[in-house]
Amino acid sequence: MNGTIVKGIGGFYYVDTGDAVYECRARGLFRLEQNTPLVGDFVEFLPEEGKLKGYITAIGERRSRMLRPQVANVDQFALVVAASAPRPGPLLCDKLLLQAALAKVAALIVINKCDEASKAFLDAFSAEYASSGAKMLFVSARTGFGLDQLAAALKGRITCFAGQSAVGKSSLINALAPGVSLKVGGLSKKTDRGRHTTRHAELLRVAGGYVVDTPGFSLLELLPMDPAELCQYYPEMKDFLGQCRFPDCQHRAEPDCAVKEAVEKGLIPEGRYGRYLQLWAELKELERKKYD
Ligand code: GDP
Ligand code: ZN
């Protein structure tokens with residue numbers, strides 16, 4: 001039989017076939033080969049007769065491997081923001097987009113609480129991220145608006161959910177998967193790092209796909225990287241890179257910078273560029289600390 005590992009605890013792997021979850025052990029072989037199964041792995045297993053138990057016999061090829069939390073085969077990162085309160089910190093969106101680009105997975109921005117949103121906010125937000133490469137979904141867990149599209153985006157994929165607390169992550173998951181039943185106003189407690197070790201990620205079956213239940217704040221932590229490479233992760237800058245006067249232009253205060261000119265002409269959203277400068281400075285600071 002085949003299934004996806006949704007949880008791993010103390011040598012047991014819980015394999016979801018879509019119809020049932022089997023408690024499986026991995027053969028000793030895997031441990032010798034240093035190839036231990038991970039949550040998210042698609043595996044082959046031998047069920048014990050008449051029981052929801054079995055032995056994993058093979059691990060399918062991994063498309064990707066995320067380290068924090070440890071999950072295989074993540075297809076996309078989804079950032080949930082609220083269109084009303086709490087107000088989205090746009091820097092979080094940009095950080096999530098950057099992490100998705102670094103991990104080579106798709107990025108999804110889920111704008112929840114659209115029932116309370118002003119048109120001005122939605123227009124401004126859409127304009128800001130229209131050329132960012134992220135897919136945007138406007139939804140309301142309260143009214144059900146847009147949930148069909150969200151379900152379609154999750155179907156058949158493994159999605160890591162991130163977002164500030166109280167944006168409505170639990171409400172959305174409950175609305176799409178009533179069986180999962182997360183406490184509204186409660187999921188945020190798990191983001192407390194002391195309580196929830198990121199190593200024990202669990203996949204929740206939601207809308208024909210899986211959602212990683214760790215809110216994934218590690219996705220929003222900036223990892224050290226060369227600030228000079230940052231611009232490569234901005235799809236909206238792509239057309240202008242290589243057109244600056246200096247080949248090593250980092251698009252800050254250099255003269256004849258094609259990126260800055262594009263911002264002035266309104267071809268690159270000003271906010272995205274402003275936060276590029278902020279992230280650049282943060283990365284520079286991380287680099288500086290490393291060599292202190
Ligand atoms: P989480 O911390 O991200 O899991 O957020 P919760 O799901 O616990 O929701 C936080 C609060 O926002 C709760 O009071 C919800 O009732 C409310 N909420 C969630 N979704 C919506 C929505 O679509 N519209 C409105 N108006 N409120 C919502
Ligand atoms: Zn430049």
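## A guided tour of the predicted model

Begin by selecting Lys-7 and Tyr-14: Lys-7 lies over the face of Tyr-14, at 5.1 Å from the ring centre. A charge is taken to sit over a ring if NZ of Lys or CZ of Arg is within 6 Å of the ring centre and within 35 degrees of the ring normal. Residues are numbered from 1 along each chain as its sequence is written, while chains are lettered from A and ligands numbered from 1 in the order in which they are written. This is a predicted model, in which local features need pLDDT of at least 70 and side-chain atom pairs count only at pLDDT 80 or more, whereas totals for chains, interfaces and linings use all residues; side-chain values use heavy atoms, with hydrogens and water left out.

**Confidence**

Colour the chain by pLDDT, the predictor's confidence in each residue, from 0 to 100. The chain has a mean of 88, and 89% of its residues reach 70 or more. Residues 186-198 fall below 50, and this stretch has 17 contacts in the model beyond near neighbours in sequence (contact means heavy atoms within 4.5 Å). Where pLDDT is low, the predicted coordinates should not be read in detail.

**The zinc site**

Next, select the zinc ion (ligand 2). Its protein donors are Cys-244 (SG), Cys-249 (SG), His-251 (ND1) and Cys-257 (SG), at 2.1 to 2.4 Å. Donors are N, O and S atoms within 2.8 Å of the metal (3.2 Å for Na, K and Ca); water is not among the atoms, so sites may look incomplete. The 4 donor atoms subtend angles of 104 to 114° around the zinc ion, which makes the arrangement tetrahedral (four donors count as tetrahedral if all angles lie between 85 and 135 degrees). Along the chain the donors follow the spacing C-x4-C-x1-H-x5-C.

Cys-244 is buried, with a relative accessible area of 12%, and His-251 is buried at 2%. Buried means under 20% relative accessible area, exposed over 50%, and partly exposed in between (1.4 Å probe, protein chains only).

Now select Arg-252 and Trp-280: the charged end of Arg-252 sits over the ring of Trp-280, 3.6 Å from its centre. Move on to Asp-256, in the loop between E13 and H6; helices (H or I, at least four residues) and strands (E, at least two) are DSSP runs, numbered from the N terminus. Asp-256 has a positive phi of about 50° although it is not a glycine, and it is partly exposed, at 43% relative accessible area.

**Aromatic pairs**

The whole structure holds 5 aromatic pairs. Select Tyr-234 and Tyr-276: their ring centres are 5.4 Å apart and their planes at 85°, so the pair is edge-to-face. Tyr-234 lies in the loop between strand E13 (209-212) and helix H6 (258-264) and Tyr-276 in helix H7 (residues 270-291), so the pair ties together parts 42 residues apart in sequence. Both tyrosines, Tyr-234 and Tyr-276, are buried. Rings of Phe, Tyr and Trp (its six-membered ring) pair if their centres lie within 6.5 Å; planes under 30 degrees apart count as stacked, over 60 as edge-to-face and the rest as tilted. Then select Phe-121, Phe-125 and Tyr-129, which form one aromatic cluster.

**Backbone stops**

Select Ala-85 and Pro-86, joined by a cis peptide bond with omega of about -5°. Pro-86 lies in the loop between strand E8 (76-82) and helix H2 (90-103).

Finally, select Ala-166, in the loop between strand E11 (158-162) and helix H5 (169-176). Ala-166 has a positive phi of about 75° although it is not a glycine, and it is exposed, with a relative accessible area of 54%.

Key
Tetrahedral: all angles 85-135°; square planar, octahedral: opposite > 155°, others 65-115°.
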